[in-house]
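The structure is shown first, and the description follows.

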Amino acid sequence: SIEKDKEKETNNSKISKIAKEVKKQVEDNEKANSRFKKLTEFEIYTAIAFSLFAKEKVAIAFLEVGLGGRLDATNVIKTENLLCSIITNISYDHTDLLGETIEEIAYEKAGIIKRRNTIITATKDGLKTIAKKAKELDTKLIRVNTSHFKTYKDRNIELAIKSWDFISTDLKTKKEINKKQFLNKLQFNGRFQYLKKEKILLDGAHNAGAAKELSSLLKIDFKNKKKLFIIGFLNKDYKSFINNLISKNDHVICTEPKSSRATKKEVIQDYLKSKNIHAEKAKSIKEAIKSTKKSSYDLIIITGSLYLVGEALKLLNDRGENNGR
């Protein structure tokens with residue numbers, strides 16, 4: 001509608017203005033303190049977000065950690081401003097930075113726990129490390145049991161509901177809603193997002209744990225469908241990802257996200273062929289999608305990298321093909 005378009009334009013203008021202000025402050029700070037390293041892209045985005053929250057005087061903000069936790073840009077938040085910390089689960093990812101064991105990764109994740117606060121988690125892996133950190137900081141640990149749920153979506157919904165029940169005790173909210181029904185209807189771009197007309201499923205899974213969860217959802221929502229995968233990775237453990245998701249009956253097109261950290265498509269293709277999985281390559285996500293236009297597959301799955309999924313979503317939006325589930 002016209003009103004929604006105007007609202008979007010106003011919001012974009014507001015964000016653009018704040019982004020320019022933050023960019024100038026960052027540049028001025030870097031000139032004045034040349035001995036400090038330049039901020040990363042994520043750190044600058046975080047500064048923009050915090051500036052926006054402050055100017056808009058938001059009542060409550062949900063901050064998602066970018067990488068790890070202990071040294072993440074979002075972790076500058078002070079204890080007195082934090083309602084609680086939440087750790088969903090722990091699996092192998094960014095092992096070059098966070099550590100090669102679950103315990104080492106859990107230690108980095110537990111870095112978001114604040115003194116005399118609350119930590120809520122549904123993880124079983126690394127729980128001892130989290131509990132130890134909570135005890136050291138005299139922080140309450142709330143463990144949410146999600147073992148009876150089959151998919152990560154249901155487990156995350158349960159964790160979200162339990163977390164909100166805790167948070168809302170400190171907030172003046174009386175509106176009653178069916179939380180599970182509401183959360184089930186939420187659709188995040190690039191997260192198990194199905195474009196019905198194109199028979200394309202977009203999912204930003206990019207590590208072994210996420211590949212397992214994606215595989216479980218595919219078996220439930222797209223059982224017995226003839227699948228074609230379009231995959232591309234950054235510098236990730238692509239072998240474990242493939243082993244947890246793709247079978248010999250699947251067809252795969254290998255490509256690369258637009259990043260200097262992209263894993264070469266030829267490397268991925270060679271690994272798939274070594275496992276007797278039919279694989280071909282495409283120079284870009286645009287070429288990969290184009291090659292599927294006349295395919296006989298029931299489902300085309302684009303996965304392996306949020307960057308790749310983002311490129312695909314922009315491409316489909318530009319062509320007017322993002323028509324929802």
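Helix α12 (residues 306-318) has 13 residues and spans 18 Å from its first C-alpha to its last, close to the 18 Å expected at 1.5 Å a residue. The expected span of a helix is 1.5 Å times one less than its number of residues. The model is predicted: local features need pLDDT of at least 70, side-chain atom pairs count only at pLDDT 80 or more, and totals for chains, interfaces and linings use all residues. Residues are numbered from 1 along each chain as its sequence is written, and side-chain values use heavy atoms, with hydrogens and water left out.

Helices (H or I, at least four residues) and strands (E, at least two) are DSSP runs, numbered from the N terminus. The chain contains 12 helices and nine strands. Of its 325 residues, 39% count as buried, where buried means under 20% relative accessible area, exposed over 50%, and partly exposed in between (1.4 Å probe, protein chains only). Among contacts (heavy atoms within 4.5 Å) with a separation of 6 or more, 64% are between residues 24 or more positions apart.

| Helix | Residues | Number of residues | Span, first to last C-alpha | Expected span |
|---|---|---|---|---|
| α6 | 152-167 | 16 residues | 22 Å | 22 Å |
| α12 | 306-318 | 13 residues | 18 Å | 18 Å |

In α12, the buried residues include Leu308, Glu311, Ala312 and Leu316. Their cover includes β4 (193-195), β5 (200-202), β6, α11 (285-290) and β9.

The buried residues of α6 are Arg155, Ile157, Glu158, Leu159, Ile161, Ser163, Phe166 and Ile167. Serine 163 counts as buried because its relative accessibility is 2%. Leaving aside neighbours within four places in sequence, serine 163 is in contact with Ile86 and Ile120.

Two strands pair if DSSP finds at least two bridges between them. Strand β6 (residues 227-231) runs parallel to β7 and is joined to β7 by four bridges; phenylalanine 229 has valine 252 in β7 as its bridge partner. Right-handed here means that, with the strands pointing away from the viewer, the path from the first strand over the helix to the second runs clockwise.

Four bridges also join β7 to strand β8 (residues 278-281), again in parallel, and cysteine 254 has lysine 281 in β8 as its bridge partner. The chain crosses from β7 to β8 through helix α10 (residues 265-274), and this β-α-β crossover is right-handed.

In a regular strand the side chains alternate between the two faces of the sheet. In β7 (residues 251-254), His251 and Ile253 point one way and Val252 and Cys254 the other, and all are buried.

**Nonpolar cores**

A nonpolar core is a set of buried Ala, Val, Leu, Ile, Met, Phe, Trp, Tyr and Cys residues joined through side-chain atoms within 4.5 Å. The largest core has 26 residues, of which Leu201, Leu218, Ile231, Ile242, Val252 and Leu272 touch the most other members. Elements giving two or more residues to this core are α8 (208-221), β6, α9, β7, α10 and β9 (299-303). The largest share, four residues, comes from α8. Another core, of 19 residues, lies apart from this one and includes Leu195, Leu228, Ala312 and Leu316.

Not counting residues up to four places away in sequence, isoleucine 231 touches residues including Ile242, Val252, Ile268, Leu272 and Leu308.
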